[in-house]
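Here is a short report on one helix and the sheet beside it. Look at the model first, then read on.

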Amino acid sequence: MCKYKFLVATDMDYTLLLPGKPVSKANRLAIKAIEEAGGCVTLATGRTFYLCGTYARDLGITIPLITSNGAALSDPVELKDIKSVDFPPHILKTLIDLFEDKNVDATGYSSEGLYFFPASSRRGFIDDYNSKAPDNMRVPILDKPDVSFNKFLLISPDREVTERVMSIPKLQVVSSARDFLDVMMAGTSKGLALKEIASSYGIPDNMVFALGDSENDISLLKEAGHAIAMAGSDSKVIDVAEFVTSDCASDGFARAVEEFILPLVR
C-alpha cells in the first residue's frame with residue numbers, strides 16, 4: 001500500500017516563496033494541510049540542494065528533492081545528492097573554456113558545492129544565504145572548477161555565447177527566470193525527475209500535482225496529473241496549466257492548495 005495518497009511538487013522562487021524571503025505563514029499552513037490530508041510535498045527547483053536544505057528541513061519535507069532543474073535528486077535529511085547527472089569531461093571542458101574565454105556571468109553547480117566564475121554576479125546571493133544558515137547547512141564555495149558539475153547558471157549571456165552553448169550536442173538549455181539560462185545534460189528535466197519520484201512511491205499520475213511559473217517548470221507541469229500556474233507566469237506555462245492561482249506575493253500556493261488540490265483529493 002502506498003505511503004502517500006498524493007504528491008505535490010512545487011517550484012521555489014516566485015512560486016512557493018520570493019527569492020531571499022522565508023516561506024509565508026499561509027504557504028506553511030498549506031503544506032501542513034497537504035500532509036494532514038495524506039499527501040507529501042517536494043521542492044522542484046533550479047537550486048542546488050545546499051540552497052534549499054534549510055527550507056526543506058524547516059517545512060518537514062523528507063522525500064527526495066528535485067534540484068538543479070532535474071539534473072539531480074537530493075536527500076533533504078542527509079543533505080546530499082542521491083543522483084546527479086554530471087557533464088562528461090569533454091563537454092565540461094568545452095563549457096568551462098567558453099565561459100572563461102568570454103568572461104561569462106556563470107555559476108557551476110556540483111554535488112560538492114558551487115563554483116563562481118570571475119564574472120559571476122551570484123556570489124552576493126549565496127553569501128547572504130550562508131550568513132543566515134546554520135554552519136552545517138552552508139553552501140561550500142569551490143576555489144577551482146576541478147570537480148564534476150550537473151548544471152551551469154548563466155546570467156544575461158550575449159547572443160554569441162548563447163548560440164555556442166545551444167550548438168553543443170547533448171545539452172538541455174532552459175530559462176529559469178528573466179535573463180537566466182540553465183544548462184544541463186539532455187534527458188534531464190524537472191518533469192522526468194517528478195515522474196521518477198512518483199513512481200518510486202507508487203503514486204498514480206492523477207494524484208500528482210505540480211506548481212510553477214517559468215519555462216523550466218513546463219516539463220514539471222506536463223508530467224503531473226494536474227498542472228497549476230502562478231498568476232503572471234510565462235504564457236507558455238499558462239498554456240499547459242489546468243488551474244491558474246494568484247501570484248507568489250499573494251500566497252498563490254496556499255490558494256491553489258485550498259481551492260484546487262484539496263477538493264480533488266478529498
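## The sheet

Two strands pair if DSSP finds at least two bridges between them. Helices (H or I, at least four residues) and strands (E, at least two) are DSSP runs, numbered from the N terminus. In this predicted model, three strands form an open sheet, ordered β3-β4-β5, with antiparallel pairing. β3 and β5 (80-84) are the edge strands, and each pairs on one side only. On average, neighbouring strands of this sheet are turned by 35 degrees against each other, direction ignored. Axes are lines fitted to C-alpha atoms, for helices over the stretch in contact, and angles run from 0 to 180 degrees between N-to-C directions.

Three bridges join β3 to β4. T67 has A72 in β4 as its bridge partner. α6 packs on the sheet and touches β3, β4 and β5 (contact: heavy atoms within 4.5 Å). The direction of α6 makes about 160 degrees with that of β3.

## Two sides of α6

Helix α6 spans residues 190-200.

After α6 comes G202, with a positive phi near 70 degrees.

## Basis

Residues are numbered from 1 along each chain as its sequence is written. Local features need pLDDT of at least 70, side-chain atom pairs count only at pLDDT 80 or more, totals for chains, interfaces and linings use all residues, and side-chain values use heavy atoms, leaving out hydrogens and water.

Definitions and conventions
Buried means under 20% relative accessible area, exposed over 50%, partly exposed in between (1.4 Å probe, protein chains only).
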